[in-house]
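Trainee: Could you take a close look at one part of this model for me? Please go slowly enough that I can follow it in the viewer.

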Amino acid sequence: MSEPHVRPDVRAFLDILAAHPRPPFTNETIGELRPLAAPGMAMLEPPVGELAVMRDLVIPGPVCDLPARLFDARAERGPGPAVVFFHGGGFVIGDVDTHAPMCAEIARGLDLPVVSVWYRLAPEDPWPAAPDDAEASARWVAENGVALGREITGLVTCGDSAGGDLAIITAMALRNRPAAVPVVLQFALYPSADPAGTYPSTEMFSDGYGLDSKSMGFYQEAYAAEPDHWRTAPVRHDQTGMPPTLIVTASLDPLRDSGRAYAGKTIAAGVRTTYVEMAGTIHGFAGYRRLVPSAQDDLARAITLANAMLAETR
């Protein structure tokens, strides 16, 4: 079998990761690693850049208050959708700081307000804490445009990796029991729509391509999700009536094929779906744009597709 295509800047980044491996995630080390996540991401991402609004918020969650942050390229705007963004990190790490540059880029690129939301993390708060918090935050955004200084007419559920899962799961929850405004697009970057599933990409790319099998094993054990539940594996459940769907994967990602499978599921259900696979790159590329320059074009391409799909809803 021939070797898969790896872009030169991606190969250089993988060589850096191999030369400087991070400590493994364990129940003992996760508390030490979390404070290092935002400074670590700052070395991988460009600066937040120009924005008219970047304001911290607190959203009431089902168990505790949820820190959030509003990003907007405009100080004032007319009625329109808002993006609810859920950060990645395997459900065990990450926050609004780790993903601030990405959220700022999405806010500028979509010309929409973005509300980035923290959710409770495993192993301290295993499944379904994260889906509970994600759904609660989306409902709050739908109902509280006044608190945001915006008139919100719809939601875009969005996220990367674990946050991509939450974008899909939250959209399903709001399909089943609608919020104050509809979900007009779900936009998931390299989600794991079937964590317990067996796919060729899992075996092909689970070691040496950034997202390794040991980390994935820890994430799943810590999260302790019910594997067949719709709030864990949406690909195993009916997608009829879901909003327009944009799924973005990476060709060298162990999660690639579950994203493909989910896109196939929405297409089969008659959902307007766009699926794009970024060739020669890895899981998490949208968060590596400083050290992987081609990832900036990948994220821009994904945002362009999202804009085209949103234009259809208008």
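Mentor: Start with helix H2. Its residues Ile30, Leu33, Ala37, Met41 and Leu44 are buried. Buried means under 20% relative accessible area; exposed means over 50%, and partly exposed lies in between (1.4 Å probe, protein chains only). Helices (H or I, at least four residues) and strands (E, at least two) are DSSP runs, numbered from the N terminus.

Two notes before we go on. This is a predicted model: local features need pLDDT of at least 70, side-chain atom pairs count only at pLDDT 80 or more, and totals for chains, interfaces and linings use all residues. Residues are numbered from 1 along each chain as its sequence is written, and side-chain values use heavy atoms, leaving out hydrogens and water.

Back to H2, residues 30-44. Its buried residues pack against helix H1 (8-19). Contact here means heavy atoms within 4.5 Å. Now check the length. H2 has 15 residues, so at 1.5 Å a residue it should span 21 Å. The expected span is 1.5 Å times one less than the number of residues. The end C-alpha atoms of H2 are 20 Å apart, which agrees. Yet H2 has a kink of about 40° at Ala37, shortly before the proline Pro39. That bend is the angle between axes fitted to the seven residues ending at a position and the seven starting there.

Next, for comparison, look at another helix. Arg139 sits in helix H4 (residues 129-143). Is Arg139 buried or exposed? Its relative accessibility is 11%, so Arg139 counts as buried. Leave aside its neighbours within four places in sequence, and Arg139 is in contact with Ala173, Leu174, Arg177, Pro178 and Ala179.

Finish with the sheet. It is open, has eight strands and mixed pairing, and runs in the order E1-E2-E4-E3-E5-E6-E7-E8. Two strands pair if DSSP finds at least two bridges between them. Strands E1 (53-60) and E8 (273-278) stand at the edges with a single partner strand each, so one side of each has no neighbour in the sheet. Inside the order, E3 (residues 80-86) and E4 (residues 114-117) run parallel, joined by four bridges. Val84 stands opposite Val115 in E4.
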